[in-house]
Amino acid sequence: MRVVIAEDLLLLREGLKLVLAELDCEVTAAVGDPDALLQELERERPDLAIVDIRLPPTFRDEGLRAALEARRRWPGLPVLILSQYIEQAYVRELLEDAGGGIGYLLKDRVGDVEQFLAALRTVAAGGTVLDPEVMRGVLARADALNSDALNDLTPREREALELMARGRSNAAIAAEMVVTERAVSKYINRIFGKLGLDPSDDTHRRVEAVLRYLGSRS
Amino acid sequence: MIRQDLALLLSNALTGLRVLLIVAARDRNAVVQNVIARQHRNDSRALGPGDPAGLRTPVTVSTTWLIAQAVLGPGLLALSLLLWGGALGTVAIPLWWNFASETPLPGLRVEVGSTRNSFVLAGLGLVFVVIAAACSHGLPRWHARVNEMLSSAGRSARLERRVAALTQSRSGALEAQATELRRIERDLHDGAQARLVALTMTLGVLDRRLRDAPASTRQLLGSARGEVEEALRELRELVRNVYPPILADRGLAGGLESLAEQVTYDLQMDVVVQQRLPVPLESTVYFVVAEALTNISRHSNAAHASVEVRSDGQQVTIKVVDDGRGGADETQGSGLTGLRRRVAAFDGTMTLSSPPGGPTHLSVEIPCA
């Protein structure tokens, strides 16, 4: 997998390179600012861009803006956003771009190398990966809003829902829950049935549907 | 300048002498008012236009003040004239030596002796002239300060100056605090937090490379990673409570929007802020709304709430209304006291109406400057 990194802190750029090398990903360019990122994307056309939210010049959300701009220029370009904190507002902005191939993770997650690799693959393949924190926030809110449908879910179904919203494929969910893929399909059909949503195998559309469902309960 | 100073001294002296008229006057109050007006005019002139003491005329004065005018007015004029007389006289010594040395000189104890000496003394006289000029300039000002101290209007002028100074230093302190918090947030982000993240990355790679290591080794690695993740989580929490990153990234509107996304009841948020507020004010508004929203979810059991934040450049108004059970009590340690304190630091006001059974209205007004 060919990857372009945009991260302004040298320490983390090196850390990411180390992890990606370990995972046999080729880092074709590692840059520190949004303009360089767009240039490298133009030249390298990588399989995936890993972008830090906070980039120069103002160290606000330049990375996010650059990522959205890149997606506008090259629709469907897989982008994994990394940040030291999760903001629901950013999740919404990222998901408004309905093309798929989007990820938003805390930088901490990179340390879980295998999971990180799975996330990279999901995003590169056009899937959606969201940090567990995102889901925790959304679910806490949905719970407090007393969503009846959510209360109907069994703990196992809920677990599957969370994993699904994080962008996991059926196979990944099965591995995590230590069940067969067929069992996962059954869970998912039941969940979508209870929530009144159309089941879909496309992870991005699935994540979107679930988040929209939970979000609309407000 | 010297002419003005002397005119002022003379005017003060005459005003001081007027005090004596009180003894003989039929309408004593008129005399007093006259003295007050004249002296106040003189003091304002002495202290210059920018001085707050010039803002208002004292209406009533103490006897001490009147006596002070009678003594200081003529006294200071006499002192100045004496100084000028001595100084000019000393400068004139060569004239006396050359043309009238036979006439004895009043007050001169020094033996002049030669023409050269007379000029040396004249040089000394020039120094006296400078001293006399400085004194006649300074004395009316000192007089004005004394009056200011003696009159009640002076006291309030002093208080005004003090309040102005305190207001300025407080806003400086708030500004410094906000800048400091922002710096801490950035330092943590680029420093300790980044190092810990880098550490998790290294540990992650290590973990993968030691796949086949004994279980005890892997367990140690696992717990090391757990600790680092916990440290990162704690740091994130800390930063969020001190200076939320979203505020730095997106300003007040973005910060409030992010607050709205976290609440668990139906929330109507309406934010109209014309221009970016000063950093300290921005984070105060953010934390006021955050605290109000937390209170609603913790105590009020509301289904609906609304937040309105408006700023017209002059002041910021925050209105938070919820349909919960009401009965919010500031004395019950619900964070409302802290909220009031935050608002008070900006000379803002906070009003809370929360009858049992609701609804609860919280309204905060904070001046922008």
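The model is predicted, with local features needing pLDDT of at least 70, side-chain atom pairs counting only at pLDDT 80 or more, and totals for chains, interfaces and linings using all residues. Residues are numbered from 1 along each chain as its sequence is written, chains are lettered from A in the order in which they are written, and side-chain values use heavy atoms, leaving out hydrogens and water.

Let's begin with B:Q69, which lies in helix 3 (residues 63-91) of chain B; helices here are DSSP runs of H or I with at least four residues. B:Q69 counts as buried because its relative accessibility is 0%, where buried means under 20% relative accessible area (1.4 Å probe, protein chains only). Its contacts (heavy atoms within 4.5 Å) include B:G16, B:Q39 and B:N147.

Now move along to B:R208, in helix 7 (residues 192-209) of chain B. B:R208 is also buried, because its relative accessibility is 14%. Beyond its neighbours within four places in sequence, B:R208 is in contact with A:E22, A:L23, A:V113 and A:E114.

Over in chain A, the domain assignment, which is automatic or from a database, gives domain 1 (2-130) and domain 2 (134-215). The contact between them takes 15 residues from domain 1 and 13 residues from domain 2. Zero salt bridges are found across this interface, a salt bridge being a side-chain nitrogen of Lys or Arg within 4 Å of a carboxyl oxygen of Asp or Glu.

Terms used:
Helices (H or I, at least four residues) and strands (E, at least two) are DSSP runs, numbered from the N terminus. Buried means under 20% relative accessible area, exposed over 50%, partly exposed in between (1.4 Å probe, protein chains only).
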